[in-house]
Amino acid sequence: MENLLDNMKNRVLAGDLLLKEDAMQLAELPLEPLCEAADEIRAVFCGKRFDLCTIINGKNGKCSEDCKYCAQSVFYSTEVESYPLLKTDQLLEQAKYNAERGVMRYSIVTSGKRLDDGEVEAACKSIRAIRENVDISVCVSFGLLDEMAFRKIKEAGACRVHNNLESSRNYFTEVCTTHSYEEKIETVKAAKRAGLSVCSGGIVGLGETMEDRIDLALTVRDLGVRSIPVNMLNPIPGTPYERNPRLTIEDMCRITAVFRFLVPDAFIRLAGGRGLMADKGKQCFQSGANAAITGDMLTTAGITIEQDMQMLKELGFEVKS
């Protein structure tokens with residue numbers, strides 16, 4: 001087993017891309033040496049750089065989609081506040097708040113399948129105001145937009161689009177039926193054609209297998225994605241996944257480590273669900289992860305910026321955009 005791990009680590013360090021069958025073997029190896037090797041790969045390809053971002057609910061609730069994990073879907077009985085797209089001054093104020101605390105990336109996230117044309121124009125106005133007044137990078141998660149809309153968003157000053165694939169192509173229909181995996185893929189490609197970078201990953205703990213997780217990592221790798229969120233499901237009452245068992249820290253470390261082997265030069269980003277871990281993700285940051293969302297999540301409480309900054313300093317990371 002040790003020889004197998006060393007062999008795969010050395011292949012990655014030499015520039016080889018591991019295959020699915022390699023990753024399936026990796027996933028079965030003892031956890032501690034697997035995580036140590038993944039962290040070594042992270043150090044070689046990414047150094048001490050850590051990408052820390054915050055998100056704001058730019059538009060909340062009444063989502064037309066039936067994603068089974070989501071408290072904002074109109075299909076489920078959850079107690080979530082609904083409001084339209086926030087005004088520029090509200091988005092600007094929060095951007096300033098985050099920048100003052102050392103966060104260098106700020107993402108505006110909206111509910112719904114996609115923003116309509118009027119909402120895109122309003123969002124672009126807000127993005128321009130943020131970029132003119134705050135030294136912070138702006139990312140957006142506006143749903144399944146087309147290339148033309150993404151070009152407007154880029155011209156306004158945004159640099160990155162977030163669009164999670166959620167799971168593998170094989171498992172996606174178990175998660176959502178109101179839009180397709182191909183629509184997700186096309187959105188990623190449209191954003192890239194518009195000249196934007198892309199942040200895309202998924203949620204683990206939905207009932208998927210390790211093979212599904214590996215397929216997800218390989219898909220985003222093939223799409224050229226280098227910011228990969230790994231959300232741990234927070235089973236929210238009223239959603240179909242409310243009784244799903246929570247993954248353990250050990251589960252998350254293993255997933256993080258395998259992702260690092262598969263996409264060695266990426267930002268592997270701990271996102272939703274990190275606050276459920278007793279160590280707030282610390283062991284995952286020693287298992288190959290080198291990015292995170294800080295502050296409150298969309299519909300659940302997160303971890304304060306100050307707490308994260310202190311932990312990252314102790315681990316020897318440097319927060320950079």
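**Rings and cores: a quick chat**

Trainee: Which residues do ring pairs link into a cluster?
Mentor: Ring pairs link F50, F285 and F317 into a cluster. Rings of Phe, Tyr and Trp (its six-membered ring) pair if their centres lie within 6.5 Å; planes under 30 degrees apart count as stacked, over 60 as edge-to-face and the rest as tilted. Bear in mind this is a predicted model: local features need pLDDT of at least 70, side-chain atom pairs count only at pLDDT 80 or more, and totals for chains, interfaces and linings use all residues. Residues are numbered from 1 along each chain as its sequence is written, and side-chain values use heavy atoms, leaving out hydrogens and water.

Trainee: OK, how many aromatic pairs are there by that rule?
Mentor: The count comes to four. Take F75 and Y76: their ring centres are 6.4 Å apart and their planes at 50°, so that pair is tilted.

Trainee: And is Y76 buried or exposed?
Mentor: Y76 counts as buried, at 17% relative accessibility. F75 is partly exposed at 48%. Buried means under 20% relative accessible area, exposed over 50%, partly exposed in between (1.4 Å probe, protein chains only).

Trainee: New topic: how many residues has the largest nonpolar core?
Mentor: It has 95, and those with the most contacts inside it are I130, I153, M252 and F261. Such a core is a set of buried Ala, Val, Leu, Ile, Met, Phe, Trp, Tyr and Cys residues joined through side-chain atoms within 4.5 Å.

Trainee: What does F261 touch, leaving aside neighbours within four places in sequence?
Mentor: Its contacts (heavy atoms within 4.5 Å) include L5, M8, V12 and I41.
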